[in-house]
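Let us walk through this structure by question and answer. Keep the sequence and the 3D view open as you read.

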Amino acid sequence: MRLRLAAIVALAVVVAGCGGKASSAPDAATLVPANALAYLTIDTNVRSGQLTSAKQILDKFSFGPRALRVLSADATQEGISLKGLESSIGPQLDIAVLRVNGKLGAVGLTQPTNQKAFDRQLSSGSAKELHTTIGGWTAFADTQPFLDALKNRNAQLATDPAYTEAAKTLPGAGDAIASAFITPAGIGAVAGALLQRVVPSLRGQLKGATSSAGWIAAALSSSDGAVKLELHVKGAGASEVTTSSLADQIPSGAILAASFDGSKNRGTVSGNLGVLRTFSPRLGTNIAQLVKALNGPMILYVRPGRPLPDVTIAAKPADPKQVMTSVAQILKKLSGGQAKPVPTKVDGGTLEQLDLGSIDLYYGRLGDEVVATDSQTALAELKGSVGRLANDAIFKEAQSGAGLPSANQGFVFVDLKDAVTAVEALAKLANQKLPPSDLANLKPLRSLLFYGSHSNGVESLVAFLKTS
């Protein structure tokens, strides 16, 4: 089956706002062999709440009509009438990726709203699709053996333990634009293809990461002016985690904030110490030793400043003394040995100040924390002088929409609404002006949140984008 064409149709349904009739359909997992490598479900019913929301979001940006023209041109090259396919394809398109007789291929399944019109589309174009009806679904593929694999299945994917477990991590029926499931065999096939293309130094890490995964599940959903992409991996091997103890110290007004706990990544750090050591001479300190010394909760945040934004990093390291020594060595290297740190009183305490000419850097201790910043107000902010990010309306909105759990592996939050304003100010400072078209596509953005979590042997990564 022409997967590229299927993707064109699915995207065109969202962008153009036309497609199947308002009806619902169960997925076709009961028709798919249990040994399928991957299984995808795509909502092609534009009257669904998911696609209605996605269309409303796309309408806020100027690239929607341009994208539709590109999609239409691609479909025309395939010899397919995009409008004819959109109006007949049915409310849902399912795709099963199979290995038959040693060859990879795919089978599409749908319940057409207009069977004759849909059959005509499958029979047109330069690469005609073979098709048949199985269990009330129209199945189509490039070659007959893939259709026969569905007819002659001995077991169905719908009752496969890995599939049923993965399905529990994804949104329910009608609550996603698209969802995907990759089996252990499918992971191996994908990894094998990737291993042929990556540099040798990365092959071992990629092979190790994929070999430990039991299955992968993903979903794309949309509601209330937001888009959410979630990825779940079974058996990645990470330990249970809790929120960084420093996350609650991130101040209100941050346009970018990140939080993670370095102590939960000891295996990853240990495996890369050799790489880190190669950077040590350039920075004037033992980076591997610094990473080991940190080994604990860390936060980073950016707040608007004049003329440049203020950047602050705070950590609660296992060895604060070693971290302070390493930071001093790095800053000495950056200054070329010309500047010396001077104890300076700032809001909230005393920090070492290093004059680098165009910017002053401050570093020091806040109890059992180590702080590095270019702001004289950082210590006071960490103590709560301007309130907390956790109480910011935009952050709370993103936190709720993304489903950020209290126990997580870390998060990155961007207040896009204020970040765009900051970017405009920086451009003006540099006597530059953002192109009107770029600015128009940035204005609808409100917030962005990434986070990772782990529960019951499943690693989850979530990206959430909110528009105004």
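Q: With which side chain does the side chain of Ser-375 make a polar contact?
A: This is a predicted model, so the values here are computed from it. A polar contact needs a pair of N or O atoms within 3.5 Å. The side chain of Ser-375 has such a contact at 2.9 Å, and its partner is the side chain of Thr-377.

Q: Where is Ser-375 found?
A: Strand β15 covers 369-373 and helix α15 covers 378-382. Ser-375 sits in the loop between β15 and α15.

Q: Is Ser-375 buried or exposed?
A: The cut-off for buried is under 20% relative accessible area. Ser-375 has 4% relative accessibility, so Ser-375 counts as buried.

Q: Which residues does Ser-375 touch, not counting residues up to four places away in sequence?
A: Contact here means heavy atoms within 4.5 Å. Leaving out residues up to four places away in sequence, Ser-375 touches Asp-310, Tyr-362 and Glu-381.

Q: How many residues of strand β10 are buried?
A: β10 spans residues 297-303, which makes seven residues. The strand is largely enclosed by the rest of the structure, because the buried residues number six of the seven.

Q: Which residue in β10 is the bridge partner of Leu-256?
A: Strand β9 covers residues 256-261 and pairs with β10. The two run in the antiparallel sense over six bridges. In β10, the partner of Leu-256 is Val-302.

Q: How many residues lie between β10 and β11 in their hairpin?
A: Strand β11 covers residues 310-315. It pairs with β10 in the antiparallel sense over six bridges, and Ile-299 stands opposite Ala-314 in β11. The two strands form a hairpin, and the residues between them number six.

Q: How many aromatic pairs does a search of the whole structure find, and what is the geometry of Tyr-39 with Tyr-163?
A: The search finds five aromatic pairs. The rings of Tyr-39 and Tyr-163 have centres 6.0 Å apart. Planes over 60 degrees apart count as edge-to-face. These planes stand at 70 degrees, so the pair is edge-to-face.

Q: How many residues apart in sequence are the parts that Tyr-39 and Tyr-163 tie together?
A: Tyr-39 lies in strand β1, and Tyr-163 lies in helix α7 (residues 161-167). The pair therefore ties together parts whose separation in sequence is 124 residues.

Q: Are Tyr-39 and Tyr-163 buried or exposed?
A: Tyr-39 has a relative accessible area of 3%, so Tyr-39 is buried. For Tyr-163 the value is 12%, so Tyr-163 is also buried.

Q: What angle lies between the planes of Phe-395 and Phe-413?
A: Phe-395 is in helix α16 (residues 393-402) and Phe-413 in strand β16 (residues 410-414), 18 residues apart. Their rings are 5.1 Å centre to centre. The pair is edge-to-face, with the planes at 90 degrees.

Q: What is the relative accessibility of Phe-413?
A: Phe-395 counts as buried at 5% relative accessibility. Phe-413 counts as buried too, because its relative accessibility is 1%.

Conventions: Residues numbered from 1 in each chain as written. Predicted model: local features only at pLDDT ≥ 70, side-chain atom pairs only at ≥ 80, totals over all residues. Heavy atoms only, no water. Helix = DSSP H or I, 4+ residues; strand = E, 2+ residues; numbered from the N terminus. Buried < 20%, exposed > 50% of the residue type's maximum accessible area, 1.4 Å probe, protein only. Polar contact = N/O pair within 3.5 Å; in protein donor to acceptor, adjacent residues only side chain to side chain. Pairing = 2+ DSSP bridges. Phe/Tyr/Trp six-rings, centres within 6.5 Å; stacked < 30°, edge-to-face > 60°.
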